[in-house]
Amino acid sequence: MDQPVRELSYAQAIQEAMAIAMEQDERVFLMGEDIGVYGGAFQVTGDLVERFGADRVIDTPISELGGAGVAVGAAVTGLRPIFEFQFSDFATLAMEQIVNQAAKMRYMLGGAVSVPVVMRFPAGSGTGAAAQHSQSLEAWLGHVPGLKVIQPATPHDAKGMLLAAVADPDPVMIFEHKLLYKMKGPVPEGYYTVPIGKAEIRREGRDLTIVATSIMVHKALEAAKTLEAEGIDVEVVDLRTIRPMDTQTVIDSVKKTSRLLCVYEGVKTLGVGAEVSAAIAESDAFDFLDAPIVRLGGAETPIPYNPELEKATVPQVPDILKAARDLVSGRR
Amino acid sequence: MAQATAGKATGANLPFIYREYSPEQLKQALHKMYLIRRFEEGAEDSYTRGLIHGTMHLSIGQEASAMGICMPLTLDDQITSTHRGHGHCIAKGAEVAKMFAEFFGKTTGYCRGRGGSMHIADVTTGNLGANGIVGGGLPIAVGAALTAKRTKSERVVVSFFGDGANNEGAFHEALNMASIWKLPVIFVCENNGYGMSTSTARSTAVANIADRAAAYAMPGVIVDGNNLSEVAEASHEAVKRARAGEGPTLIESKTYRHRGHSKSDRNRYRTKEEIEDWMTNRDPITLYETQLQEFGVIDQAGIEGIREAVRQEIADAIEFAKASPSPEIANLERYVYTESL
Amino acid sequence: MPTEVILPKVDMDMATGKISRWYVEEGAPVKKGDVLFEIETDKAAMEIDAPASGILRDVTGKEGIDIPVGEPVAWIYAEGEAQDRPVAAVAAPATEEPKREDTKPVQAEPMVQAQPAATAAKGEGARATPLARRLAAEAGLSLDAIAGSGPKGRVTRSDVEAIISAPAGRTEAKAPDAPRRPNGQPSASSQALPTDGAVLNHAWLRQGSGRPIVLLHGFGADLNSWRPLLQAGPVDAPVLALDLPGHGGSGRTVPADLDAIAAQVEATLAALDVGPLLLVGHSFGGAVAAAVASRGIADVRALALIAPAGLGPEINGAFLDGFVRARSEASLVPWLKLLVADEQLLSKPFVNATLAQSADSELRGVQAAIADRFFADGTQTFDIRKQLAGLRIPVRVMFGAGDRIIPSSQAFGLPGEIALHVFAATGHMPQLEQREAVLRILLEMARA
């Protein structure tokens, strides 16, 4: 039962998951731009083409719309494609196939088909790639019934959730923060899955719940460590899936701590934090709130190029520290 | 690229379908063309009576195109269809009763009342679905063809689309990928002359949509879409090529829709004379009936028999649809995701 | 920070208001909830309570001048807090120097209140977190009795928990403006108060000298119901009004019998150090007052009963039932009409105030249980005649001849030394319907 555990990077963990999926299931194959001999823009597919051949690690033309549609068509007819977008920003080119086709096909056809496609989206800022290569668009897709949208934060979850996604009968969109690719963490060998739709409490605490996604989970944990020295006991909830969202874990946590801070990289307005906040406001956790709910999200701007400006557009640890202190001390 | 069209002939020069198919199969084809025509007339009538809501896009006048393309297809072959897709669905083998039930929004419909006219599908006979998005089905067909190739099946996939779709990016991306990967897919452009109100002359840089095949290194074939035999012959060629692993074909089937774009069309962009000409001189069913009689496949009584059988079939189908139950509101959210059992 | 006192909007289409009189002088201590001043609008005079406890200063809102709604008219400083606000008279000629009272620190308040309370509206309108709201409701606490420590005076969990766990029980923040102890030291009232929750919610509606008048309201009402009576004329005596158990801001309990209620009244009076007093009760409160007077524990020197319960078996059971069940204006007003002989007396503020309580289904639920216990099946299950017969203090009974709740005929057959006033064309609310006369009688009794 207990599999040996090693340290792998987030990118290696994803690559391992894809390799295991392809070994186990002949139907699984990869599609994407420059994922073959190039190894993918972020070297996530690496040398998988050598192991599985160009028939199963397919370089597509630069055709995001067509490529996504081919993946959808293959999924509907019995294959299990894993489609890599070079950058999550390019989802904008493929929205038609993702939103109108993949998400709705099962429903439009009254359940006659399933669409077991997995799409991977390297997302987020911090690489100096500026406005068209740094966005966090997960909330866009999180708004679409029929899709499942996940944001693994650790190498362990990246592997386990990707394997869960491949096994899932419905379209699963994976948003992978680019700055996480090199992050190392313990990853069990072999096959395992981490369930989609289940949040994880990364740290237990009494005074404040921080609900974070993706890279913000790590920033929240770092802040929690500092706050602990100040006597502020923070609970960090890693949301992991934004659709279907595990609101119950958040509700239970807020009932315990009475305070909620949402931290996410996507633009603050109409984002994941809005949904988490509303879920609490609508739930029985409302009567447990002892302070206003606070959101820390991305600035209302495109991601700028200048590194200082770029940093300022997304929540950083000092922002989390300040918000947490204000909340717990009653200044907010 | 256009192939020479087969002229009317006798003896050894009989048109393609008279050489390829048995009289019974030819009569079946007429039966299905009538079924498509009467189905759409029945749907139009039910719509007018308020039994069907939303809108619908009728393909009356394009029956030979749908039927001819599907003649060489097996049940295992697949199609993706368009918003003007009733004919494709019936030609591929769907039951009109379940189609009417879908139009009436009933649980016995092909999509359990979730799809309606614009998403009509019958996966069991290989129809992966009509599509509300112009060009939406093209990449999906390529994906289905990729599955066929990867699973080493004999299956071919036909993607129907209209002249409007040839100006969508998805058309170009799909044709390109199908060609570079030599996938068993047949792109069938049913060019009825107008993308909604805009004529191909105003919307499309090339004279023929089939001319665009050259850009993707595949055969481009132009056929008279109202001539069943011509359409079927082109389809046969393309299917043969696809099954042989030689890759895709683009067929342009020039045809005409007798009705407007949808139920809200005021028909201001076409002249009465133009419509009248297509309806009286180039109606695909009339042309086919005449030909069948000319070649002695069927007589007037036989034709009357088919018409009467279809009339009864349509009447029964509408009754079935009317009598079927509507979905429960409580089940609204079913089929969004694959339900775990 | 001192707490701002503004001229509040008390009527829908009100843009300005006049302060007709201040009840607290500049420089005097004031307790949150005390009547601070009275506003005159086109329609009615309205008493405005102090939004916080402390010392009243910088009174800029002159009497009789039109003042825009929302303008500050004074400030309440915490004890020892420096007075540093720029002072300007509101709507007053610039030549008129605002009156400056001496600013030397005043005797510390006999209260344990960490912070000035918020300038918050009463009850449900108070600024509080959802958690604080829930905890306060569970503990039977009124939110406006709690000083908020959060931003803008927001009441948080810790504020509520501090009160729940304080030795004084839940009444700490409502600590009374009790008379000074002989030695001049603040009476550490939070410690003096019993801890068993027996102390009733209360408010000093008037400050003054002389014998205090203590008011006990009727069934389904609360201490605020006495305010119109006190506006009928100048009142020089201190006036204390209590909320009976299961009413107003008091604990939501169903007392076992009249003695149990009397005991809570006595405990409250003791905790507040209220000496010789005139006890006044209306309707059900009249029966309680009679019980308190006859038990001899509180120093009751005179007793005034207005349409008292307990003199006979009959009571309008349909009224009690309908009143307790009414949740909307439409279902409430028909019952309220039974209270008075002249419907014109049912002012909008009166209806709204009653309606606000009706909206509190928990409150009305408790009151339904109280009605079941004391007025089972439309019958008064208790009798105060025996108690009245044994009293050796001045007692006066007032009735409206047209009372449709308790028939005035029940006043017949009382002992000869008990004075009886029967008002013609008056219903169950003489204190509202004949307020000048009733107030005059009470003040006479207090001075006697």
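In what order do the five strands of the open sheet in chain B stand? I looked this up before turning to the chain contacts.

**Basis.** I am working on a predicted model, in which local features need pLDDT of at least 70, side-chain atom pairs count only at pLDDT 80 or more, and totals for chains, interfaces and linings use all residues. Residues are numbered from 1 along each chain as its sequence is written, chains are lettered from A in the order in which they are written, and side-chain values use heavy atoms, with hydrogens and water left out.

**Sheet of chain B.** I read the order as β1-β2-β3-β7-β6, with parallel pairing. Strands here are DSSP runs of E of at least two residues, helices are runs of H or I of at least four, and both are numbered from the N terminus. Two strands count as paired if DSSP finds at least two bridges between them. β1 (78–80) and β6 (220–224) of chain B stand at the edges with a single partner strand each, so one side of each has no neighbour in the sheet. Neighbouring strands are turned by 20° against each other on average, direction ignored. For angles, axes are lines fitted to C-alpha atoms, for helices over the stretch in contact, and the values run from 0 to 180 degrees between N-to-C directions.

I then took one pair of strands. β2 (residues 157–162) and β3 (residues 185–191) of chain B pair in the parallel sense over six bridges. B:F160 has B:V188 of β3(B) opposite.

**Helices across the sheet.** Helix α3 (residues 63–70) of chain B lies across β2, β3 and β7 (249–254) of chain B, at about 165° to β2(B). α6(B) lies across β1, β2 and β3 of chain B, at about 175° to β2(B).

**Chains B and A.** Which chains share the most contacts? Of the two pairs of chains in contact, I find that A and B do; contact means heavy atoms within 4.5 Å. The contact involves 35 residues of chain B and 46 residues of chain A. The two chains bury about 3,100 Å² between them, 65% of it on carbon and sulfur atoms. Buried area is the accessible area (1.4 Å probe) lost on putting two parts together, summed over both. B:R150, B:Y337 and B:T338 give 23% of the area that chain B buries against chain A, more than any other three residues.

I find two salt bridges across this interface, a salt bridge being a side-chain nitrogen of Lys or Arg within 4 Å of a carboxyl oxygen of Asp or Glu. One joins the side chains of A:R106 and B:E339 (2.8 Å, N to O). α6 (137–150) and α7 (169–180) of chain B each supply at least two residues of the side of chain B that touches chain A. α6(B) gives the largest share of that side, eight residues.

**Chains A and C.** Here the contact takes 13 residues from chain A and eleven residues from chain C. The buried area is about 810 Å², with 49% from carbon and sulfur atoms. I count zero salt bridges between chain A and chain C. Chain B and chain C do not touch, and their nearest C-alpha atoms are 33 Å apart.

**Within chain B.** The whole structure holds 52 salt bridges over all chains. B:E44 and B:R259 form a salt bridge, with the closest N and O atoms 2.8 Å apart. This pair links distant parts of the chain: B:E44 is in helix α2 (residues 23–48) of chain B and B:R259 in the loop between β7 and α10 (272–281) of chain B, 215 residues apart.
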